[in-house]
Amino acid sequence: MKRLPIAAFGALVMATIAAFFITQHLKSSTPVIGPNVHPPAPFSDDGDGCRGRAYINFYLLHRSDRVTVFVVDSEGNVVQTVASGVKMHKPTARNDRVRRTFSWSGRESDGDLAPDGDYYFRVALAQQGRIVNLTQYPILVDNVAPHLAVTRVSPSQLPAPGGQPALIHFTGSKGRGGYLIIYRTGLGGPPEVVDARRIPFSKPNGQGYTKTWNGLIHGRPAPAGTYVMALKVTDRACVTGTFPSYLPPQQGTTPHAGVSVTYLAAEPPLNPVAAGSVAVVGVDSAQRRYRWALRRVGAPGKVIEHGSSKTPGLRVRVPKRSPGLYELAIRAGGNRTVVPVVARASSGRSHILVVLPALTWQGENAVDDNGDGFPDTLTAGGPIVLQRPLVDGLPAGFPGEAAFIAYLNRTGMPYDLTTDVALADGAGPALAGHSGVVFAGPEAWLPAQLAPALQRYVEQGGRVTVLGAGSLQRTATVKQTPAGLQALDPSALAATDVLDARPGPLLSHNGEALVVIHDGLGLFNGTSGTFAGFGSFEPIVAVAAPARIVAEAGTTDQTPSIVAYRLGSGIVVDIALPAFTVSLAHDVDTQELLRRLWTILSQ
């Protein structure tokens, strides 16, 4: 009986001790803030109005109090006080919770932007003498935009075999959704947005993230041309990053992000083939069978050769004996292209060598060589690969050059034919051995290594005629490189061309006839002395000493655009009229001028 009181007393003592410890634990750990605190989202203070503040929302559980809210960095240092002594009430008798929201702008107490990193709110309860660190709800300050990059596109040309879409590989999105923005380039102005595709939230594969493009724009096949793939992603802190860093993209900022859309294109030889031999023309027909026909310029109704094929290397035999310029027309499905084929004489030698501007043809050819989504042209600064398809078919200046060759053929004027690239490459006919050389179209870029050879040719007695405006004022080096034959380092427009003429700017809307100013060469013999119908011309304002003008015609004596001058022992004739070659089909005076010019060049 005595053991029971003793046991009861022991139990009472243990209970008292336990109650003491429980009370002490409650004093130090009983929650005072509502258990469903609304945590802050990652944010940035970049001024765009999107998540520019961090918010915290809570209520008091047991007692009303005056609340001060701080923002503390990861080392426990207070960086800002966002509220001080704010009265907050405990839940009402009906247990209605009284919530308050506090926010932080991302600034430190001195007004400076807080460095990127983790922060948290600290709540001080004045009347209870308690501090609550909300470390379980970190605030992520993130002002750094996602570092996006397109790493490669495969395949980079559409349509692809089997209808395979282009797979765009990219990094830096951290799995966030965004947009693939498709720009079309090479339209003569800034890149234009043609489509945008939603990128869903995703997990990375072994090489980052991917998105496909099937070559369609709003459900229709994209026009042939060059396109660049851009990205736009907004991260959890509402900071938006783009690839490239600035939109619209600029050339040089989008390596590996290009897609070329080509339905039909052909690559003719840069050098002339011998008359009667085979020209090998590369054809990209998107794996379709195509039909082809070869015609001589000036005789569009007469088909010389024709056939069909599916091979990427089309072999076309050109007519025997005579040099000539031909048009090769190719059709695949609803697509058609035409490219030039140049043939030189197979034997014998004419006194006059006609040169076609193949470097300019390719210099203005809008092909993306390096996969960045922008056309690589000499106009854009190069370099360019010279052995590539002519994506737009016949070059812009080709009609005038074809009209000139067609007139020579029709009148039986003797000539041999080559290209400026062939001259620079040492292939086909050379300058030496010809008494005269005619550049049949504007040489917007002359092969740099050809310039000194041309100067020596004239100074040693050669005779050169340049037809058209904007010629011989820029050069580019033609060179064999690991990437193939390339044109590199295009020069700026020089005030004086490589043969010492100083052209002025092209003048348009001309209504005046050109008249002969003086003629000490007999250049205008047989003409009426008047050349009408030329709405634009390029005045030759001077020639550099020791060259001297011997014949000229123009709208005034200050603006001659047909000029002959002596340079060393040779003669140069500039006919800076863009429409001169086309006028040969109907204008008697230009016909007589060319006949007389052929006589001078043949001497």
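This note goes through the cores, sheets, pockets and cavities of the structure.

1. Basis of the model. The structure is a predicted model, in which local features need pLDDT of at least 70 and side-chain atom pairs count only at pLDDT 80 or more, while totals for chains, interfaces and linings use all residues. Residues are numbered from 1 along each chain as its sequence is written, and side-chain values use heavy atoms, with hydrogens and water left out.

2. The largest nonpolar core. A nonpolar core is a set of buried Ala, Val, Leu, Ile, Met, Phe, Trp, Tyr and Cys residues joined through side-chain atoms within 4.5 Å, where buried means under 20% relative accessible area, exposed over 50% and partly exposed in between, with a 1.4 Å probe and protein chains only. The largest such core holds 57 residues, and those with the most contacts inside it are Val-354, Phe-404, Leu-523, Ile-562 and Trp-598. Its largest share, seven residues, is supplied by helix α3 (residues 398–411); helices (H or I, at least four residues) and strands (E, at least two) are DSSP runs, numbered from the N terminus. Apart from this core lies another, of 30 residues, with Ala-160, Leu-180, Ile-182 and Tyr-263 among them.

3. The surroundings of Phe-404. With contact taken as heavy atoms within 4.5 Å, and with neighbours within four places in sequence left aside, Phe-404 is in contact with Val-354, Val-438, Ala-440, Leu-467, Thr-581, Leu-584, Leu-594 and Trp-598.

4. The nine-stranded sheet. Two strands pair if DSSP finds at least two bridges between them. Nine strands form an open sheet of mixed pairing, in the order β29-β27-β30-β32-β41-β40-β39-β36-β37, and the edge strands, β29 (416–419) and β37 (530–531), each pair on one side only. Strand β27 (residues 352–356) pairs with β29 in the parallel sense over four bridges, and Val-354 stands opposite Leu-417 in β29.

5. Strand β1. Four of the five residues of strand β1 (residues 54–58) are buried, which leaves the strand mostly covered. Five bridges join β1 to strand β4 (residues 100–104), and the two run antiparallel; the bridge partner of Tyr-55 in β4 is Ser-103.

6. The largest pocket. On a 1 Å grid over the protein atoms alone, a cavity is a set of points where a 1.4 Å probe fits but cannot get out, and a pocket is an open set with protein on both sides within 12 Å along at least five of seven lines, while lining residues have an atom within 4 Å of a point. Grid points are joined across faces, edges and corners, and a volume is the space filled by probe spheres set on the points. Two or more lining residues come from each of β11 (178–185), β16 (225–234), β18 (258–261) and β26 (335–344), and β18 gives the largest share, four residues. The lining divides into twelve nonpolar, twelve polar and five charged residues, with Ala, Val, Leu, Ile, Met, Phe, Trp, Tyr, Cys and Pro counted as nonpolar, Asp, Glu, Lys and Arg as charged, and the others, Gly among them, as polar.

7. Val-259 in β18. Val-259 is found in strand β18 and is buried, with a relative accessible area of 0%. Not counting residues up to four places away in sequence, Val-259 touches Val-153, Ser-156, Leu-158, Ala-166, Trp-213, Gly-225, Thr-226, Tyr-227 and Met-229.

8. The second largest pocket. About 380 Å³ of space lies in the second largest pocket, and of the 25 residues that line it, Gly-397, Glu-401, Gly-441, Pro-442 and Ala-469 are the closest to its centre. At least two lining residues are supplied by each of α2 (358–363), α3 and α6 (580–583), and by class the lining has 13 nonpolar, eight polar and four charged residues.

9. The cavities. A search of the whole structure finds two cavities of 30 Å³ or more. The largest holds about 90 Å³ of space; α2 gives the most to its lining, with three residues, and this lining has eight nonpolar, two polar and two charged residues. The second largest cavity holds about 70 Å³, and its lining, which includes Val-466, Asp-497, Glu-538 and Asp-574, divides into six nonpolar, three polar and three charged residues.
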